[in-house]
Amino acid sequence: MKIIVLGTGHGTATKCYNTCFAMQNKDKYFLVDAGGGNGILRQLEKANIDVTKIESMFISHTHTDHIMGAIWIIRLIGRKYLKENYNKYFYIYGNNEVINAIKKICSVVLPEKFNELLEDKIKLIEVDTATTIKCIEKKIVFFDINAKKVKQMGFTMFLNKRDRFTFIGDEVCAENTEKVVKNSKWLFADAFMAGKEAEEYNPIKKHSHSTVEFTSELCQRLNVENVILSHTVDTDLANRKKIFTQDAKQYFDGNVFVQNDLEIIEIK
Ligand SMILES: [Zn+2]
């Protein structure tokens, strides 16, 4: 099992792609968010991910930096159906707001024949708290993260009988999300800023984005073993890994992952 990190930046980052990743089991992929544009196609190509190997895509919420790339995925896979006799179903999961937004955007920006696929080969599936699916041969349970801005979903994936990988979206962890985070072997979480910069800017108060300190303390308290910090600023990309990791280590004894775009994490 691997995580291919396709993007690591926050919404208006320009030096890296927006936060999104693919989870790989054997030759199948589960795509989590798609970033804000057709950069997703470049990232998939660079990561050597064939779009026909993506079983399904999950979009956490309707913000541009997460949902707009989904339209490009639909366009790319749509062409396979229309031009290459491709036949496998493609599943897109999201809450009601996400599914409605995808339908609306597609209806105005994509030709009719692509929109017809949304009723046929491309399945748009609404998920809510406790909705359970199987993807890349793993059980996945979705939950509402109780976001402050727009409705946003996270999920926990059962890697095996005991271990879970949990994704809590791009906001600071809400109190009633803690029960899902607790004892997760892996946590993929927002950590917008680190150290002094975070102290001065206060992203938690300004726009509900987390800090390295907050997320690391959370992991320590809730018995998480490995944390992947993402959805960050790109102000000092060259030193981000070092600065964010050092900051996290002050609060958390487990393993800290601060990735650059296109890095791969082995999930064990
Ligand atoms: Zn975002």
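**Entry 1: helices α8 and α9**

I began with the crossing of α8 and α9, which is right-handed in this predicted model. I then looked up the geometry of the pair, and found that helix α8, residues 212–221, packs against helix α9, residues 237–249, at an angle of about 45° with the axes 9 Å apart. Angles under 35 degrees would count as roughly parallel and those from 65 to 115 as roughly perpendicular, so α8 is oblique to α9. Which residues make the contact? On the α8 side I noted V212, E213 and S216, and on the α9 side F244, D247 and A248. Sorted by class, the residues of this contact are three nonpolar, one polar and two charged.

**Entry 2: helices α2 and α3**

Next I turned to helix α2, which covers residues 64–83, and helix α3, which covers residues 96–109; their axes come within 10 Å and cross at roughly 55°. That angle makes α2 oblique to α3, and I recorded the crossing in which α2 passes α3 as right-handed. From α2, the residues I67, A70, I71 and I74 meet V98, A101, I102, I105, C106 and V109 of α3. How many residues of each class does this contact have? I wrote down 10 nonpolar residues, with no polar and no charged ones.

**Entry 3: K80**

Staying with helix α2, I looked up K80, which lies in it. Is K80 buried, exposed or partly exposed? It has 16 C-beta neighbours inside 10 Å and therefore counts as partly exposed, since a buried residue needs 20 or more and an exposed one has 12 or fewer. When I left aside the neighbours within four places in sequence, I found K80 in contact with T52 and Y86. I also checked K80 against C219, and the two are 139 residues apart in sequence and 42 Å apart in space, taken from C-alpha to C-alpha.

**Entry 4: the whole chain**

Last, I stepped back to the protein chain, which holds nine helices and 14 strands. The radius of gyration is 18 Å, close to the 18 Å that the globule rule gives for 268 residues, so the chain is as compact as a globular protein of that length. Along the principal axes, the C-alpha trace spans about 55 × 40 × 35 Å. What share of the 268 residues counts as buried? I noted 47%. Finally, among contacts in the chain with a separation of 6 or more, I found that 61% are between residues 24 or more positions apart.

Notes:
Residues are numbered from 1 along each chain as its sequence is written. This is a predicted model: local features need pLDDT of at least 70, side-chain atom pairs count only at pLDDT 80 or more; totals for chains, interfaces and linings use all residues. Axes are lines fitted to C-alpha atoms, for helices over the stretch in contact, and angles run from 0 to 180 degrees between N-to-C directions. Helices (H or I, at least four residues) and strands (E, at least two) are DSSP runs, numbered from the N terminus. Angles under 35 degrees count as roughly parallel, over 145 as roughly antiparallel, 65 to 115 as roughly perpendicular and the rest as oblique. A crossing is left-handed if the near helix is turned anticlockwise from the far one by less than a right angle, and right-handed if clockwise. Two residues are in contact if their C-beta atoms, placed from the backbone, lie within 7 Å. Ala, Val, Leu, Ile, Met, Phe, Trp, Tyr, Cys and Pro count as nonpolar, Asp, Glu, Lys and Arg as charged, and the others, Gly among them, as polar. The radius of gyration is taken over C-alpha atoms; the globule rule is 2.2 Å times the number of residues to the power 0.38.
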